[in-house]
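Hi,

Here is the structure I promised to pass along. Have a look at it first, and then read on for what turned up when I went through it.

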Number of protein chains: 2
Amino acid sequence: MTLPARAQEPGTTTTIHTDDAGAVRRTVLPGGLRIITEATPAVRSAAFGVWSAVGSRDEAPADAGASHYLEHVLFKGTRRRSALEISAAVDAVGGDLNAFTAKEYTCYYARVLDSDLPLAVDVVSDMVADSVNRPEDVEAERGVILEEIHMRDDDPGDLIHDEFATALYGDTPLGRPILGTEDSINALSRDRIHGYYREHYTPSNLVVSVAGNIDHDEVVRLVSEAFAGHLTGDAEPAPPRVGGPAAPVDPRTVVIDKDTEQAHIVLGVPGVCRTDDRRFALGVLNAALGGGMSSRLFQEIREKRGLAYSVYSYTAQYADSGIFGVYAGCQPGKVDEVLSICRDEVNRAAEQSLTEEELERGKGQLRGAMVLGLEDTGSRMSRIGKSELVYESLLPVDDVLARIEAVTLDDVRAVAGEILSAPSALTVIGPVGDRLG
Amino acid sequence: MTLPARAQEPGTTTTIHTDDAGAVRRTVLPGGLRIITEATPAVRSAAFGVWSAVGSRDEAPADAGASHYLEHVLFKGTRRRSALEISAAVDAVGGDLNAFTAKEYTCYYARVLDSDLPLAVDVVSDMVADSVNRPEDVEAERGVILEEIHMRDDDPGDLIHDEFATALYGDTPLGRPILGTEDSINALSRDRIHGYYREHYTPSNLVVSVAGNIDHDEVVRLVSEAFAGHLTGDAEPAPPRVGGPAAPVDPRTVVIDKDTEQAHIVLGVPGVCRTDDRRFALGVLNAALGGGMSSRLFQEIREKRGLAYSVYSYTAQYADSGIFGVYAGCQPGKVDEVLSICRDEVNRAAEQSLTEEELERGKGQLRGAMVLGLEDTGSRMSRIGKSELVYESLLPVDDVLARIEAVTLDDVRAVAGEILSAPSALTVIGPVGDRLG
């Protein structure tokens with residue numbers, strides 16, 4: 001029930017599996033372009049995505065922010081379309097056209113009515129395959145990126161997560177912000193951006209993923225037309241970014257004195273990498289510690305003491321590393337009290353087992369969130385596209401559910417003991433002076 | 001194709017209409033409790049909501065924030081369940097349990113797998129019908145609300161919309177923030193909150209709405225059980241909040257000097273009320289002016305000049321009033337330039353017709369967004385519940401699409417001329433001193 005070997009012959013199609021909703025099929029085109037689709041005939045929409053295997057962690061320090069900057073520039077025009085023609089085409093059919101850049105990949109997508117799929121394929125593929133990256137467009141977009149950085153800086157609940165990554169990973173590819181910095185954005189030239197595009201947006205680095213009321217063979221035909229001229233050579237699809245030594249961590253405490261109403265706190269440790277078998281147990285632990293309203297942190301900090309409006313824990317996974325973090329926003333004068341409760345709960349989770357009830361509730365939370373999420377074609381497109389890009393195999397939904405079901409109290413205790421006792425990084429933003437310095 | 005007369009006999013059920021996805025049915029229970037359902041058998045989830053016809057505009061100045069405060073307190077416990085038991089029940093099945101308070105209504109909802117609907121009905125109905133509002137819970141939640149206010153204050157892109165409402169409507173029920181103020185929250189007593197609950201959460205003020213893979217008769221049975229003991233008397237359902245004179249406006253310019261990276265701007269005018277026939281034409285105008293990436297404001301301010309990351313126009317509708325507004329976040333030194341472009345585009349839209357292409361694109365945008373949105377059971381639940389509460393009739397989806405399709409260039413020009421030439425309110429938050437004062 002896993003993906004066929006990466007050596008699948010170009011031009012051939014394989015049916016990977018079928019589940020409750022439809023069949024997942026995969027085709028490799030010449031040049032190494034992969035297409036993965038999931039047909040869910042009960043819906044009337046389709047989500048079309050193109051994924052590139054490049055993200056901010058691929059950037060040299062001088063290129064910081066280039067992946068995200070390029071993502072913006074790809075909306076500015078192709079040989080066939082202006083920026084207005086790109087957006088007008090999808091707006092005219094009421095579709096969502098958007099993109100996002102992560103540390104390890106970049107995705108461009110459109111969600112449309114099923115009858116508009118040919119349009120979505122044509123527009124998004126054109127953006128990705130034939131962008132012209134005109135110097136004047138790169139210049140205009142520089143201002144947009146700088147304003148995006150300023151907007152992030154104005155929202156401390158957003159900024160804190162970028163600051164935390166730096167506090168945990170230091171000035172390394174995983175530690176630097178996806179947006180880059182004002183200095184790095186100002187220094188990036190059109191040639192550098194265009195070179196980055198030429199280097200990373202080759203067919204073998206791209207994955208097309210499509211979900212909804214679609215037909216695989218029709219998608220293959222549309223994508224082959226849209227990428228015509230690019231699908232040559234015998235390149236194999238790029239292997240997923242897996243394995244290798246764990247990214248180095250250097251956990252520090254960073255306090256940023258800022259004139260805000262709340263103090264924003266993130267306390268965290270290295271988590272598990274994307275392919276780590278312990279990820280399901282960590283998911284259950286996360287649910288019990290801070291994943292919902294019934295979690296320990298929510299109950300202790302918000303429900304019983306009214307100290308925060310927003311308090312939660314979260315995980316992030318990368319190819320060779322991960323994050324387990326706790327966020328809270330509270331009164332500046334309550335930072336010590338809130339931090340003390342967070343630390344107590346983290347320590348308690350590291351040392352003692354969850355209750356049976358917490359275990360079952362955590363599993364139910366992961367299971368329900370997964371199944372409910374799959375009603376959205378965008379989520380399905382995202383699941384299969386990301387899997388193709390970053391995993392060695394696509395786990396069918398039923399297998400994921402079985403892995404969740406198999407988690408035991410011992411599994412959770414083991415991962416909690418291993419992870420939560422590691423040295424932690426801490427970031428605080430707020431009017432706290434150097435009290436924590 | 002509209003709702004039956006409000007005088008529908010308690011205990012009877014009416015089928016309102018069927019459309020592509022399923023049937024909309026309505027039942028009125030004794031005490032005036034309404035149940036409206038839409039069965040969409042192609043999905044595996046169900047969204048269950050209870051709507052109360054009370055919101056912040058029903059608050060006297062001394063009660064400012066009471067609707068929202070009460071919404072929080074309803075999660076704190078009933079005669080049968082503690083706060084933890086409420087959240088744990090829904091977390092255990094991986095459902096979403098949440099609520100929101102608006103100016104004219106409040107909604108509590110859970111989205112779950114269809115097999116978990118009985119649980120969702122039981123938990124949400126219990127919260128709404130049997131809340132105990134203990135003094136100690138009201139106290140603890142006061143801190144949470146204050147932190148929610150502080151979090152809003154720390155996000156200028158959020159704060160600006162509350163400040164704009166005050167700049168347009170002044171110190172009136174529509175002009176005051178839903179969250180209340182620190183002072184009003186600190187002054188609200190448990191008795192006041194409890195009294196507010198007793199006054200507004202009567203069966204005749206409530207609407208239950210359910211969408212997904214559900215059976216109407218089963219929902220009626222479950223809701224009747226869950227509300228048992230409350231469904232007595234011969235009260236008629238409360239009439240929707242329609243008609244009456246337009247809410248008074250007093251458009252002002254408000255500049256809030258704040259040490260932020262960006263200047264955040266909202267420029268706006270009174271729009272149309274919820275039942276105004278011009279709302280479809282205004283929707284098309286909004287799409288063309290600032291509703292998407294192909295809109296005039298996005299093209300002029302972001303695409304051509306790179307002056308902003310976030311720029312858009314929006315509409316809000318109330319029973320007797322509405323808002324048409326434009327938002328942009330830009331460098332503090334560019335406020336004059338951005339405002340000047342916004343004003344130029346607003347004036348041009350007021351004086352000249354859209355192009356045929358903009359008209360068609362705007363219609364496509366509204367149509368596609370509506371149809372795509374209805375794939376989500378939560379959106380369907382919201383559409384029928386809100387309609388039952390605030391409109392005199394539920395427009396079937398096909399009728400909405402027909403109303404959009406019927407919009408002409410003349411209709412758009414007429415509403416633009418009437419609305420955009422009115423005196424505007426302006427709010428700016430940023431490090432701009434009194435330059436605009």
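Let me begin with the contact between the two chains: six salt bridges are counted between chain A and chain B. Please keep in mind throughout that this is a predicted model.

**Where the chains meet**

One to zoom in on is A:Glu303 with B:Lys76, whose side chains meet in a salt bridge at 2.8 Å, N to O. A:Glu303 sits in helix α10 of chain A. It counts as buried because its relative accessibility is 10%, and the cut-off for buried is under 20%. Apart from its neighbours within four places in sequence, A:Glu303 is in contact with A:Phe298 from its own chain and with B:Lys76, B:Ala83, B:Ala140 and B:Glu141 from chain B.

The other is B:Arg302 with A:Glu141, where the closest N and O atoms are 3.6 Å apart. This pair crosses between chains too, going from helix α10 (residues 296–304) of chain B to helix α4 of chain A. Are these two residues buried or exposed? B:Arg302 counts as buried at 13% relative accessibility, and A:Glu141 is buried with a relative accessible area of 1%.

There is also a spot worth a glance at A:Ala92, in the loop between α2 and β5 (96–101) of chain A. Leaving aside neighbours within four places in sequence, A:Ala92 is in contact with B:Arg361, B:Gly364 and B:Gln365. Its relative accessibility is 30%, so A:Ala92 counts as partly exposed.

**Salt bridges within a chain**

Over all chains, a search of the whole structure finds 78 salt bridges. As a reminder, side chains of opposite charge can pair when their charged atoms come close.

B:Arg79 and B:Asp130 form one of them, with the closest N and O atoms 2.4 Å apart. The pair links distant parts of the chain, 51 residues apart: B:Arg79 is in the loop between α1 (66–73) and α2 (83–91) of chain B, and B:Asp130 is in the loop between α3 (117–129) and α4 (135–154) of chain B. B:Arg79 is exposed, at 66% relative accessible area, whereas B:Asp130 is buried, at 13%.

In another, the side chains of B:Glu104 and B:Arg274 meet at 2.5 Å, N to O. These partners are 170 residues apart, with B:Glu104 in the loop between β5 (96–101) and β6 (106–113) of chain B and B:Arg274 in the loop between β9 (263–270) and α9 (279–290) of chain B. Both B:Glu104 and B:Arg274 are buried. In chain A, salt bridges that share partners join A:Arg57, A:Glu104, A:Arg274 and A:Asp320 into one network.

**A helix and a loop in chain B**

Now find helix α14 (residues 397–405) of chain B, where B:Val397, B:Val400, B:Leu401 and B:Ile404 are buried. They lie on the same side of α14(B), because they cover an arc of only 100 degrees around the axis.

Last stop is B:Ser189, in the loop between α6 (182–187) and α7 (190–200) of chain B. A polar atom of the B:Ser189 side chain lies 3.1 Å from the backbone nitrogen of B:Arg192. B:Ser189 counts as partly exposed because its relative accessibility is 35%. B:Ser189 and B:Ala66 are 123 residues apart in sequence and 9.8 Å apart in space, C-alpha to C-alpha.

Cheers

Definitions and conventions. Residues numbered from 1 in each chain as written. Chains lettered and ligands numbered in written order. Predicted model: local features only at pLDDT ≥ 70, side-chain atom pairs only at ≥ 80, totals over all residues. Heavy atoms only, no water. Salt bridge = Lys/Arg side-chain N within 4 Å of Asp/Glu carboxyl O. Helix = DSSP H or I, 4+ residues; strand = E, 2+ residues; numbered from the N terminus. Buried < 20%, exposed > 50% of the residue type's maximum accessible area, 1.4 Å probe, protein only. Contact = heavy atoms within 4.5 Å. Polar contact = N/O pair within 3.5 Å; in protein donor to acceptor, adjacent residues only side chain to side chain. Arc of directions from axis to C-beta.
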